[in-house]
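Biologist: I have a new model to look at. Walk me through it, please, in short steps.

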Amino acid sequence: MKSLKSIVSIGLSALMAVGMAGCSGGTNGGGDTSAKKGVTLKALFMKQAGYSETDINAMTKDFEAANPNIKVDLTFVAYEELEPKILTAAKTGGYDVVLGDCIWPSQFAKSGMVLDVTDRVKNLNVSDIYQGALDSTKYNGKYYGVPWLNDVKYLYCNKSMLSKAGISAPPATWDELIADAKAIKDKGIVQYPIAASWSQAEALICDYTVVAGGFGGAFVDANNNPTLNSDANKKALSFMYDSLKSGLTNPKSLEMIEDDVLGTFTSGNAAFALNWTYMYNESKDASKSKVVNDVEIEPVPGEGSVKSATVNGGMPLMITAGSKNPDEAWSYMVYLSSKDVQKKYCKDALPIWKSLYSDSGVISTGGADLVKVSNTQYQYIVNRPQVSYYSELSNNMQSKLQSVLLGKEDAGKALDELQSKAESLQNG
Amino acid sequence: MKKRKSEERFAYSVVSPALIIVFFVVIAPMVITLMYTFVNMDSTSTRTGQFMGLHYYISALSSAQFWADFGRTMYYTVLSTAAETIVGLLIALLLDQDFKGVKFLRAITIIPWAIPTVVNGSLWKLIFNGQYGVLNAILLRLHLISSYQSWLGDPGSAMNAIVIADAWKMTPLAVIFFLAALQGFNRATYEAAMVDGAGVFRRFWVLTLPYLKPTILIVVVMRTVEKFKAFDLFYIMTRGGPADGTKTLMYDAYLKAFTNLNYSQAATYAYLIAIIVVMLTVAYMKIMRKGSDELE
């Protein structure tokens, strides 16, 4: 009896010891390297869009070769998992460098999740970076990251559908686009000429930002005070609703996000679509697309005095507040966003550096059409409101905008309610 | 005496690993979350850490949003529980019969239940897709609809679509419970009733249903409690849309925690959900006790 008890007790203690060791040693595989002179950085990236995992691994290997005392552990997750992962790891430094969506820096800055890097940013050649991209990491006049993955929405047109309807040039204004869409629909070329991503998701706000910007509207003013119910914003929302009602925008848009828009466009069921850079390469891929030779990429139209406006969907790199190695993290970030690295991998994502757009190497690798249209489009970037309550505001906007688009609420009234909600969030 | 004490100590030492795990993984977070409901834990607020008393509970219970979410959650809970119970009972009655292939049918009935919720959600999302979904294709060919419908693009039909997706996956659970109960029923009673001239419906109503009452109550309680906390299916299929038409209490709590970074509001919602579930459970148990008393 006594020996059995002692055997069990020893066995249990051993099990507990192993368990505890397993728990703490788990993710810190590089625990022993940081005890020596070397530093191990943990970096969090996104799968799927922009630079591929292979590319990022290659960039990291080159960085490690140039900096022998720094090792980098990479983690790749789907976009939906990025924010929760950053939130849980930020204050304890579970990751040193994180890739974030351009709508997060304000909120992260206010909650003290990421480091203020204003002084470090000043050492970069900021005049050569597109202003819209740089501003996405700004909050209260300070910078909280480095723009890295550049992305905006473009207007995609199906050339053959346009020419069949007798349209010789892509539309330059939203009114022209509607007229073109109507012509295409009347000729029976396609049932719903416009495909948009208007489901209850951030995609809807991206599209609304594009259209509102085109009409000269903005969601906040220069002092970041909400201006949601401005006349221009109301006009833009009514414009979107009318396009649905008149059968020009695909009614299924209300359940679509960007991937669904890609599917609709590449299967030849849309003449016009708004989407990110990735749709260009995807729709030119013969194994995935039926419209390989008909794809045309153009700057987004404007209206009235606005030549063009598009939404910034870029993703900056940030240093977490809990990082134990901010200097090494910064040098890694600067390396990744440096001109040489961005030039080398420009096939997947275009650079943040203005001077690279006239570089012949970039033009041939990235594609002449894409580089040309980006150089124009990047001058008209609109950022979504950089306020700390943006995420909550976006959720409210998503459901209200959908109500309007479903015909359940009046555009003006909905925007008035959103304005009061935004004001209460600002003061809260 | 000494032997008893050393046995006690042995007992404690054996149980202690489990106790420690339960404490850190279950009890401590529950207590901390409860504390969050009384303290301002909004990470973007200037008054973080301030004691707020019952402020969050009061603001939640007096907000139209909370009650709208509650209404939707109740609709989903009642409808899908009813569907699962009724259809589950019917299938169990069928599978209780003896015919060729019944054993095979009993085996494959479990398959929907074995599918992970995430896979189930993605599956039904594709079926209901407004542009190329199978449901639209079938209904169009049967001439039941004139054009492809956007099932997930309308708030009402989106909620019903989710009810269908959930009921399809979870009905096998009800079937198993009812089948197990039915298999224990004395066949002789049926035969006696048939001799007396009782038809199928009368036999069911007078003999089978009262016998199954406790099982029905168990199934209903279990499913209601589970459904009130429903989150994953909504996250996969509609993300609370369209126009908040499928936003449940749990989904709202998730948004408050992970998007708004307002941990106090999220914790309050979570505790309110827990309180409602406890109230429902107590109510059901009272009915159950009354029911089983009647049987005796």
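Modeller: Terms first: two strands pair if DSSP finds at least two bridges between them. Helices (H or I, at least four residues) and strands (E, at least two) are DSSP runs, numbered from the N terminus. This is a predicted model: local features need pLDDT of at least 70, side-chain atom pairs count only at pLDDT 80 or more, and totals for chains, interfaces and linings use all residues. Residues are numbered from 1 along each chain as its sequence is written, while chains are lettered from A and ligands numbered from 1 in the order in which they are written.

Biologist: What stands opposite Tyr156(A)?

Modeller: Ile297(A), in strand β10(A). Next along, Cys157(A) stands opposite Glu296(A) of β10(A). The partner strand is β7 (residues 154-158) of chain A, joined to β10(A) by four bridges. β7(A) and β10(A) run antiparallel.

Biologist: What is the order of the sheet's four strands?

Modeller: β8-β9-β7-β10 in chain A. The sheet is open, with mixed pairing. β8 (194-195) and β10 (295-298) of chain A are at the edges, each with a single partner strand, so one side of each has no neighbour in the sheet.

Biologist: Which residues of β10(A) are on the covered face?

Modeller: Val295(A) and Ile297(A). The uncovered face has Glu296(A) and Glu298(A).

Biologist: Zoom out. How many helices and strands does chain A have?

Modeller: Chain A has 19 helices and 13 strands. Its radius of gyration (over C-alpha atoms) is 24 Å, close to the 22 Å from the globule rule (2.2 Å times the number of residues to the power 0.38) for 428 residues, so chain A is as compact as a globular protein of that length. Along its principal axes, the C-alpha trace of chain A spans about 90 × 50 × 45 Å.

Biologist: How much of chain A is buried?

Modeller: 49% of its 428 residues. Buried means 20 or more other C-beta atoms within 10 Å of a residue's own; 12 or fewer is exposed, in between is partly exposed, and C-beta atoms are placed from the backbone.

Biologist: What is the mean pLDDT of chain A?

Modeller: It is 89, and 91% of the residues in chain A reach 70 or more. pLDDT is the predictor's confidence in each residue, from 0 to 100. Over residues 22-36 of chain A, pLDDT stays under 50.

Biologist: Which domains does the assignment give chain A?

Modeller: Domain 1 (38-151 + 313-377) and domain 2 (154-311 + 389-427). The bounds come from an automatic or database domain assignment. The C-alpha centres of these two domains of chain A lie 28 Å apart. Their contact takes 13 residues from domain 1 and 14 residues from domain 2 of chain A. Contact means C-beta atoms, placed from the backbone, within 7 Å.

Biologist: Which elements give two or more residues to the domain 1 side of chain A?

Modeller: On the side that touches domain 2, they are α5 (105-110) and α17 (368-377) of chain A. α17(A) gives the most to that side, with five residues.

Biologist: New topic. How many residues does the contact take from chain B and from chain A?

Modeller: It takes 22 residues from chain B and 29 residues from chain A. On the chain B side, α1 (2-36) and α12 (249-258) of chain B each give two or more residues. The largest share, four residues, comes from α1(B).

Biologist: How many residues of α9 in chain B are buried?

Modeller: Zero of the nine in helix α9 (residues 187-195) of chain B, so this helix lies largely in the open. Just after α9(B), Gly197(B) takes a positive phi of about 95°.

Definitions and conventions
Contact = placed C-beta atoms within 7 Å.
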